[in-house]
Amino acid sequence: MKFIKNIWTGVFLAKPLTKGNYFNHTKWHNKSKIRIKELKKNYTPLYDNITPGFLAALDKKKIQILDYGGGYGNLYYTINKSLKKNFSIMVYDNNLTIIKNAKKLNSRTKNLTFTHNLDQIKKKKFDLIYFGSVFQYIFNFDQINQIIKKTDTEYLIFYDLMAGENPNFYSYQNYYKKKMLIKFYNYKYFKNNFLKNGFQVIYENKMFTQLFGKLTKLPMQNFKKKFKVNYSKFLIMKKK
């Protein structure tokens, strides 16, 4: 696949009015469907995603997981082949087309459900909330903090979190000639939100990101040093 020279363009300290949404793009949905079908046949673990091992070490007979912004349900297949204990995943996504398609693709998969209803989520209890490469599309913590509180969640996992020593800023991500607004967080600012809500860091590390079929640093060569985030983060937090 051809590598896009500049995946992200522009630096905005204040949120621009134009957001865009490539999750409504037919090509994005088609690629996601193909990926799920591939995962069902033969899942190749991502070497930098320690989520299955972490879950295996938890002293719980069954683990209830909320996959926030989980799209077509990739996380289930990341876990299912390697985790030898009972678990269930509820995927939340605010895109109704994604939810409808995902339900059809995974209709025979046990312990995997999908919803776009936040009220339904808030009535449930989860051991863990997983945020997989999604927080760049979340621009404030209000809704997340409410969900964490309502669901009495003990653990939080942030995979492929694009945050560093940079100031908070917005940029546009390019995808098949479409643009979508995203946010790069200051890492300390990001963690402080959850520290203030009673969580502590139990694991953190930098990681490569999978882009266009290969693992790489974040290609931000078109940004000034102040705004460059060279590596994504893998972060696990636990409620005190």
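Predicted model: local features only at pLDDT ≥ 70, side-chain atom pairs only at ≥ 80, totals over all residues.
Residues are numbered from 1 along each chain as its sequence is written, and side-chain values use heavy atoms, with hydrogens and water left out.

Q: Within what arc do the buried residues of helix 6 fall, seen down its axis?
A: Helices (H or I, at least four residues) and strands (E, at least two) are DSSP runs numbered from the N terminus, and buried means under 20% relative accessible area, exposed over 50% and partly exposed in between, with a 1.4 Å probe and protein chains only. The buried residues of helix 6 (residues 142–151) are Ile-144, Asn-145, Ile-147, Ile-148 and Thr-151. They line one face of the helix, because the arc, taken from the directions from the helix axis to the C-beta atoms, is one of 160 degrees.

Q: Which exposed residues does the face of helix 6 turned away from its buried side carry?
A: The buried residues of helix 6 are covered by elements including strand 2 (62–68), helix 5 (118–122) and strand 5 (128–132). The face turned away from that buried side carries the exposed residues Asp-142, Lys-149 and Lys-150.

Q: How many residues apart in sequence are the parts that the pair of Tyr-68 and Phe-131 ties together?
A: Rings of Phe, Tyr and Trp (its six-membered ring) pair if their centres lie within 6.5 Å, and planes under 30 degrees apart count as stacked, over 60 as edge-to-face and the rest as tilted. Tyr-68 and Phe-131 form a tilted pair, 5.6 Å centre to centre with 45 degrees between the planes. Tyr-68 lies in strand 2 and Phe-131 in strand 5, so the parts tied together are apart in sequence by 63 residues.

Q: Is Tyr-185 buried or exposed?
A: The rings of Tyr-185 and Tyr-189 are stacked, because their planes lie at 15 degrees with the centres 6.4 Å apart. Tyr-189, at 41% relative accessibility, counts as partly exposed. Tyr-185 has 1% relative accessibility and therefore counts as buried.

Note on methods. Contact = heavy atoms within 4.5 Å.
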